[in-house]
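Subject: Handover of a structure and notes on what was found in it

Dear colleague,

I am passing the structure below on to you, together with my notes on it. Please read the notes with the model open beside them.

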Amino acid sequence: MKRFKLTEDWTATVVGWLIILLIVCQFKPTWPSFAWPDAEILLNKVIALDNVGHSLIVFGFMFCLALIAGLFSGKRWTAVVYSFPVVFFLTLIAMVVGGNKFLKTWGFETVIFSLLLGLFISNIFTLPKWLKDSLSSELFVKIGLVLLGTNVLFGDLLEAGALGLIQSCVVVFVVWNFCFWLCRKMKIDKEMALMLSSAVSICGVSAAVATAGAIKGDKKKLSYVVSLVMVVAVPMIIILPVLAKLMGLSEPMAGAWIGGTIDTTGAVAATGAIYGDVALQTSTIVKFSQNVLLGVAAFAISIYWSYTKKEGVEEEKPGLKVIWLRFPKFVLGFVAASLIFSFAVSPEVVKETTPILKNIQGMWFALAFTSIGLETDFRSLLTSENRRSTYAFIGAQTFNVFFTLLMAWLLFSGILTV
C-alpha cells in the first residue's frame, strides 16, 4: 500500500491550522518566561524549577507537532526523534540569551541568537551526519508563517488611521520597487533582490522570511538578509531620534518617520519610546500598518515568482495550471488565517488567543534559524554577492530614510490634510 504523504507546503498548512484550532479550542500551555533584566531575575525566575517545567511542557507540545509534520511530509520518525530535541534545547538557550532586557531594547530578536548559535556550533564542531540530514528549517519556517497570519489583522489598518495607512502603502510600494531596481542594477540575483526589497520596505525579518518561503529561497541568503537587517537597525535606533531632534520634528512626524524606516518592530518601539510617548504610539501604528501589508505582498510575490520562474529551457510563460503547481500553498494557509482572524473570529477570541499563537510562531521561527545555522558554513556567507547585497541594502535604506521623511512631513505636518 502506498504511504500517505503531503508536500512540505501542505504539511505546513495542515500543522499550522491544527495548532490554531487547538489554541482556539482552549488548549493553552503556560508559556515559559524568558525576560530578564538582571542576573537575579535570570536565576530566580527564568531558570527556576517551575519555569523549566513550563519549558518541558512546551517541548512536549512542539515535539508532538514536529512528529506529525515529519510523518505527513514523509520523514522517518526516528529522524525527528533524534534531531528535534537537539534543535529545541539549543533554541531554548538562544531564547534565554535573547530575553535579556538590554538586548531587547536594542532591537535584537531571538532569531538572530538562534542563527548565531547554530553557526557557531556548525563551524566549530563537526556535526554528525544524522543530525545534518534530519534538519527541517524550511518546514519550520512555513509553519511559523501560517501562524503569522493570525497576527496580521486587517482591522489594524482601520485602527491605524488614514494617515498611517496612506504613508505605509506609498512607502512600501516605492521603497520596495527602488530596492528591487537597485539590486538588479547591481547584478544581484532575483531571489536575493526579492528578499532584500521586502525586508527593507515592509517589516524586516518577518518580511524576509515570508518572501523566502514564498519563492523557496536559499536558506543561506535568508540568514544573511536577517543578519543584515538586525545589524543595520542598531545604529538607526540612536541616529534617527538625534536627527529628529536636530530637525525639530514634532512627535507624530518623528514617530511616522521612525515607524516607516526601521525594519524591526522591537527596534521601532525602542526608538519611538526614546523620542516620546506620542512618537511611540505613532511609530507603532505605522509599523503595524506595514506589517498588515505583508500578507498582500507575500501573495503578490508568490504569484510573480510562480509566473516568472524558469525551469530548464522553458521559454513560454506558464499557464494557470503551472502557476498553481509552482505556487507555495502555505501562503494560502497564511492568508486564510489572516482573513478568518480579521473577520470571522470574535475580537474576544482574537485577543485571548493571539499572544499564545504569537509565542508558538516565534518558537517555530527560532527553531528554523537554529537549523539554518547548523546547516550553514559561515564562509559561504562571505561572498562577493553578499557584499553587493550589503551595499544595495544600505543604499535602499538610505533612500527609505529620506523618502519616508518626506512622506511623514507631507502627511503629519498638515500640508495635505488642511
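In what follows, a residue is called buried if its relative accessible area is under 20%, exposed if over 50%, and partly exposed in between, as found with a 1.4 Å probe and with protein chains only. The model is a predicted one, in which local features need pLDDT of at least 70 and side-chain atom pairs count only at pLDDT 80 or more, whereas totals for chains, interfaces and linings use all residues. Residues are numbered from 1 along each chain as its sequence is written, and side-chain values use heavy atoms, with hydrogens and water left out.

**Overall picture**

The protein has 19 helices and 0 strands, where helices (H or I, at least four residues) and strands (E, at least two) are DSSP runs numbered from the N terminus. Of its 418 residues, 54% count as buried. Taking a contact to mean heavy atoms within 4.5 Å, residues 24 or more positions apart account for 81% of the contacts with a separation of 6 or more. The accessible surface comes to about 18,600 Å², and 70% of that surface belongs to carbon and sulfur atoms; these areas come from the Shrake-Rupley method with a 1.4 Å probe, and for residues only the protein chains shown count as cover.

**Salt bridges**

Side chains of opposite charge can pair when their charged atoms come close. With a salt bridge defined as a side-chain nitrogen of Lys or Arg within 4 Å of a carboxyl oxygen of Asp or Glu, a search of the whole structure finds 6 of them.

Glu8, Asp9 and Lys142 are linked in a network of salt bridges.

Another salt bridge joins Lys28 to Glu352, with the closest N and O atoms 2.4 Å apart. Lys28 lies in a loop and Glu352 in helix α18 (residues 347-375), so the pair ties together parts that are 324 residues apart in sequence. Both partners are partly exposed, Lys28 with a relative accessibility of 30% and Glu352 with 41%.

**Aromatic rings**

The structure holds 15 aromatic pairs, for which rings of Phe, Tyr and Trp (its six-membered ring) must have their centres within 6.5 Å, planes under 30 degrees apart being stacked, over 60 edge-to-face and the rest tilted. The rings of Phe84 and Phe88 have centres 6.0 Å apart and planes at 35°, so this pair is tilted. Both residues lie in helix α4 (residues 77-98), 4 residues apart, which is about one turn of the helix, and both are buried. Ring pairs link Phe59, Phe63, Phe84, Phe88, Phe89, Phe140 and Trp364 into a cluster.

Ser122 belongs to helix α6 (residues 110-124) and is buried, with a relative accessible area of 14%. Its side chain makes polar contacts (pairs of N or O atoms within 3.5 Å; within protein, one must be able to donate a hydrogen and the other to accept it, and residues adjacent in sequence count only if both atoms are side-chain atoms), reaching the backbone oxygen of Leu119 at 3.2 Å and that of Gly373 at 2.8 Å. Leaving aside neighbours within four places in sequence, Ser122 is in contact with Leu127, Gly373, Leu374 and Thr376.

Glu191, in helix α10 (residues 190-203), counts as buried at 17% relative accessibility. Not counting residues up to four places away in sequence, Glu191 touches Ile215, Gly217, Asp218, Lys221 and Trp305.
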